[in-house]
Amino acid sequence: EVDFNNIGMGTQRLIVAALIRYYEEQKIEKNEKVFVVFEEPEIYLHPNWKKALYKSLNNLSNRENTMVLITTHDPYFIELGKNQKIYRIFRNPDEQDTTDKEERGSDKILNYSSDSEINYQIFDIPSKTYFLELYEHLVTFFQTTNKDGKDTSMSITNKWIIDQNKSSKIKVEFGDNGSNPLVSKLRQQLAHPKEETAEISGEYIGLRIRELKDLIAEAKKIK
């Protein structure tokens, strides 16, 4: 026998995950109410175990009279549970030593559930995926084809971005030649990589995401 407190944290979490899975597989009386509270279930676990644990917790939550509440700092766990009810917990600036919460959804831009958007809004992670999703969303406001049936939405969108900057409605940054918005250049780099894009920093992507959010807000006003 080994004292539970004397084994590694990873092994401890594996044991807890195995117990959750065992509990998930057992029959529970319908009138028995179960409330599972799990703080950061993902820590110390391999991604495959995270996925298996999430599945067990999700199966438990689908049972009658069973509720599961977890807290997490893990973007991958958010990805797994993107369709669940998610709250952002934060320090209330108006009251000392208190926390507050808001349900995720009120500030969403995309018209579908996107884990990259959730992770940006909750953890401030400016991912390449979220940038591309936002750009594609902006393009939907300018869906057009020419007389030959060729999709011209991208070029129309790019021209509109340039016009917004010229009219001073929205400030966007341009490259050295002053004719190509960096936000459009980045989209081209990420969607059709002809050169290494791994060195593009998160800070740079974050700047372009903020520009896209402003552009989308303006596009909504005219469409």
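Q: How many residues line the largest pocket, and which lie nearest its centre?
A: Keep in mind that this is a predicted model. Rolling a probe the size of a water molecule over the atoms shows where empty space is left. Here the largest pocket has a lining of 26 residues. Nearest its centre lie Leu-69, Ile-70, Thr-71, Lys-85 and Ile-86.

Q: How much space lies in the largest pocket?
A: The space in the largest pocket is about 910 Å³.

Q: Which elements each supply at least two residues of the lining of the largest pocket?
A: There are strands and helices on the list. The strands are S1 (34–39), S2 (66–71) and S3 (87–91). The helices are H2 (47–61), H3 (75–80) and H4. S2 gives the most to this lining, with five residues.

Q: What is the lining of the largest pocket like by class?
A: Sorted by class, the lining of the largest pocket holds 14 nonpolar, seven polar and five charged residues.

Q: How many cavities of 30 Å³ or more are there?
A: The count comes to two cavities of 30 Å³ or more. In the second largest cavity lies about 30 Å³ of space.

Q: Which residues line the second largest cavity?
A: The lining of the second largest cavity is made by Ala-17, Arg-21, Trp-49, Ala-52, Leu-53 and Ser-56. Helix H1 (9–25) and H2 are the elements that give two or more residues to this lining. H2 gives the most, with four residues. By class, the lining of the second largest cavity has four nonpolar residues, one polar and one charged.

Q: Now the helices. At what angle do the axes of H4 and H5 cross?
A: Two packed helices are described by the angle between their axes and the distance between the axes. In this model, helix H4 (residues 115–123) and helix H5 (residues 128–139) have axes that cross at roughly 110° and come within 8 Å.

Q: Why are H4 and H5 called roughly perpendicular?
A: Angles of 65 to 115 degrees count as roughly perpendicular. The axes cross at roughly 110°, and H4 and H5 are therefore roughly perpendicular to each other.

Q: Is the crossing of H4 and H5 left-handed or right-handed?
A: H4 and H5 make a left-handed crossing.

Q: Which residues of H4 and H5 meet?
A: From H4, Ser-116, Glu-117 and Tyr-120 meet Thr-129, Tyr-130 and Glu-133 of H5. By class, this contact of H4 with H5 has two nonpolar, two polar and two charged residues.

Conventions
Residues are numbered from 1 along each chain as its sequence is written. This is a predicted model: local features need pLDDT of at least 70, side-chain atom pairs count only at pLDDT 80 or more; totals for chains, interfaces and linings use all residues. Side-chain values use heavy atoms; hydrogens and water are left out. Axes are lines fitted to C-alpha atoms, for helices over the stretch in contact, and angles run from 0 to 180 degrees between N-to-C directions. Angles under 35 degrees count as roughly parallel, over 145 as roughly antiparallel, 65 to 115 as roughly perpendicular and the rest as oblique. A crossing is left-handed if the near helix is turned anticlockwise from the far one by less than a right angle, and right-handed if clockwise. Contact means heavy atoms within 4.5 Å. Ala, Val, Leu, Ile, Met, Phe, Trp, Tyr, Cys and Pro count as nonpolar, Asp, Glu, Lys and Arg as charged, and the others, Gly among them, as polar. On a 1 Å grid over the protein atoms alone, a cavity is a set of points where a 1.4 Å probe fits but cannot get out, and a pocket is an open set with protein on both sides within 12 Å along at least five of seven lines; lining residues have an atom within 4 Å of a point. Grid points are joined across faces, edges and corners, and a volume is the space filled by probe spheres set on the points.
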